[in-house]
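Please open the model in the viewer and keep the selection panel at hand.

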Amino acid sequence: MSKAIQAIRGMNDCLPTETNIWQMVESVLRRVASNYGFAEIRMPIVESTHLFKRSIGEVTDIVEKEMYTFDDRNGDSLTLRPEGTASCVRAGIEHGLLYNQEQRLWYMGPMFRHERPQKGRYRQFHQFGIEAFGIATPDIDAEIIMLSARIWRELGISEFVELELNSLGSNEERAAYRDALVAFLTERESQLDEDSKRRMHTNPLRVLDSKNPDVQAALQGAPKLSDYFGEESQQHFEQLCARLDAAGIKYTINDKLVRGLDYYNRTVFEWVTSSLGAQGTVCAGGRYDGLVEQLGGKASPAFGFALGIERLVLLLTSLEKVNNVRPQVDAYLITLGEGIDIKGVALAEQWRSQVPDIHIQNHCGGGNMKKQMKKADRSGAQIALILGEDELANQQITVKYLRGQHEQQTVALSDVAALLETLI
Ligand code: ATP
Ligand code: MG
């Protein structure tokens, strides 16, 4: 045998035992997005490298060290998308969707970042994203945060995630604050680690969310961004908080939350959990009013978030919230006796037409009752439908329950569709 080829490190297969959890999560995400009137947009996975450099920012972790960038055969520099917002804005501008219009969009799909793979951090991972364009007022900030809260509620994990909220003010306010922060950090430069020293010059706000306790200690008494807010930024944040309060959504204001991408202004937020270890941020986003213009469109305010699907699936699994996920097979059809399998196939076809959402697996490959029952059990089905000569002669089928403590029963063939309905 030759040596088997393996998947790329940090890029995972999603196996059939997990895909049903993914499908359940994806269907909740799609449904909730639709509940709020958002439409799906699908963008390519590969984009021009410039797009990400210009939007995410040259001195961010993503652009500095995480992108999968390569020259294609024409010598153009291309990048596997590390996130969806930049592509979404590019597509919106290119197709005239953002010109003097509102858009409420969602997307879902793979993203690529060359990070050190660990639990909850992969090189190919999947995001569900929401982006709204053309609305500057805090009502849309609140609407989208409420949408995210509904996702947790639908999945039964509201009590395990917490909302952290902050405002980054306007670009001008942030520039004034940046000067004050750099002055403060310069006086304490000896207490900073190498990363923070470098960031102090390139992206000083990132020093605020350093995980190093020494750096956090050095930040004691640092100037606060909110002290630099003008009336508008102040009001925007207050109105958002008032709306969340009215909706009963709890949050903590974290004035160190700055997010790693350059394009945010005003509202930023993260949903975090303590149930996943170090990779605790499940969903993150905020306002990015400058990005559309920065990428060559007519200025348009915008707000959005991205949710990490792997982290969400890990969270659901670790909280055992996946027990009621529907198995891939509901009913397994067993046939016994000469030629009965052909009758069985016709019946299964009829039931699939009568109950369009049913998952029926027909036994294939022959064998006795014991062999077929074993496969029925392995399929994960709730019931085995057994069709033999006696059953066929009486226009009946034997139903054997494979999970739980139900008695075996006999059902008229004309009643099978109704029985199958109860399995969905
Ligand atoms: P982190 O601080 O964990 O690196 P980030 O700020 O880089 O996250 P964003 O760019 O805001 O993350 O992406 C939004 C969400 O996508 C994250 O909150 C997380 O759930 C998910 N995510 C980001 N990077 C990865 C990754 N490498 N593997 C799996 N999920 C990821
Ligand atoms: Mg990251």
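Select R311 together with ligand 1: an N or O atom in the side chain of R311 is 3.0 Å from an oxygen atom of ligand 1, a polar contact in the sense of a pair of N or O atoms within 3.5 Å. This is a predicted model, in which local features need pLDDT of at least 70 and side-chain atom pairs count only at pLDDT 80 or more, while totals for chains, interfaces and linings use all residues. Residues are numbered from 1 along each chain as its sequence is written, chains are lettered from A and ligands numbered from 1 in the order in which they are written, and side-chain values use heavy atoms, without hydrogens and water.

At G308, a backbone N or O atom lies 3.4 Å from an oxygen atom of the ligand. Ligand 1 taken alone exposes 580 Å², of which the protein buries 87% (accessible areas by the Shrake-Rupley method with a 1.4 Å probe).

Next, display the whole shell. Ligand 1 is surrounded by 15 residues, the closest being R113, E115, R121, Y122 and R259; a residue is near if one of its heavy atoms lies within 4 Å. By class, six are nonpolar, four polar and five charged (Ala, Val, Leu, Ile, Met, Phe, Trp, Tyr, Cys and Pro count as nonpolar, Asp, Glu, Lys and Arg as charged, and the others, Gly among them, as polar).

β10 gives the most, with four residues. Strands are DSSP runs (E, at least two residues), and helices likewise (H or I, at least four), numbered from the N terminus.

Definitions and conventions: Polar contact = N/O pair within 3.5 Å; in protein donor to acceptor, adjacent residues only side chain to side chain.
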